[in-house]
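User: I have just opened this one and would like a careful walk through it. Could you take my questions one at a time?

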Amino acid sequence: MMPPRVIVQLVRQLADLHAWGRSEGSWWGLVSWRTYGSFPDGVNGYLHTSAWIPARLLDPSSDPAAAIEYQTVQRFDLPEDRSAWPRPAATAGRRWRHCGPLEEAAPAASEVTPLVGGTGLPAAPGPAASPDPN
């Protein structure tokens, strides 16, 4: 089964929602997205990026079925040490970057030069409600 999708406000990217985690009373979503680009070795392809993002910075899908999918995502308490927060398993053959917990946009990936055809989204028209992990 595919994970439900969200839009990560920090990077304006469509992302897969892998897990909900609670830390100090607030919810975080473990998400991953991809950027199409050119790598230093001359190969074009996707850089897969993952991060823990506060739930308030995740916009839900407009698909009515997504509300049910969000409820099926694994939930757990996160350790106090943010460096110990889990990361998604990297798939063999994929180029991967994990950013850890992010509350502001991550620095641009030095691993790839983005090319036309990536998965970036246009600027949002205004604030939207985040998918509720409860």
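Analyst: What follows is a conversation about confidence, strands, cores and aromatic pairs.

User: What should I know before reading it?

Analyst: This is a predicted model, in which local features need pLDDT of at least 70 and side-chain atom pairs count only at pLDDT 80 or more, while totals for chains, interfaces and linings use all residues. Residues are numbered from 1 along each chain as its sequence is written, and side-chain values use heavy atoms, with hydrogens and water left out.

User: What is the average pLDDT of the protein, and where does pLDDT stay under 50?

Analyst: The average pLDDT (the predictor's confidence in each residue, from 0 to 100) is 84, and 85% of the residues score at least 70. Over residues 118-128 it stays under 50, and there the model has 16 contacts beyond four places in sequence, a contact being heavy atoms within 4.5 Å. Where pLDDT is low, the predicted coordinates should not be read in detail.

User: Is glutamine 13 buried or exposed?

Analyst: Glutamine 13 is buried, with a relative accessible area of 8%, and a polar atom of its side chain lies 3.3 Å from the backbone oxygen of arginine 34.

User: Which residues touch the most other members of the largest nonpolar core?

Analyst: That core has 18 residues, and Val6, Val8, Leu17, Trp20, Val31, Ile53 and Leu58 touch the most other members. A nonpolar core is a set of buried Ala, Val, Leu, Ile, Met, Phe, Trp, Tyr and Cys residues joined through side-chain atoms within 4.5 Å. A second, separate core of six residues includes Ala19, Trp28, Leu30 and Leu78.

User: Switching to rings: how many aromatic pairs are there?

Analyst: A search of the whole structure finds four aromatic pairs. Rings of Phe, Tyr and Trp (its six-membered ring) pair if their centres lie within 6.5 Å, and planes under 30 degrees apart count as stacked, over 60 as edge-to-face and the rest as tilted. The ring centres of tyrosine 36 and tyrosine 46 are 5.2 Å apart and their planes are at 65 degrees, so that pair is edge-to-face. Tyrosine 36 lies in strand β3 and tyrosine 46 in strand β4, so the pair ties together parts ten residues apart in sequence.

User: What about tryptophan 52 and tryptophan 85?

Analyst: They form an edge-to-face pair, 5.7 Å centre to centre with 80 degrees between the planes. Tryptophan 52 is buried at 0% relative accessibility, and tryptophan 85 is buried with a relative accessible area of 5%. Trp28, Trp52, Phe76 and Trp85 form one aromatic cluster.

Notes:
Buried < 20%, exposed > 50% of the residue type's maximum accessible area, 1.4 Å probe, protein only. Polar contact = N/O pair within 3.5 Å; in protein donor to acceptor, adjacent residues only side chain to side chain. Helix = DSSP H or I, 4+ residues; strand = E, 2+ residues; numbered from the N terminus.
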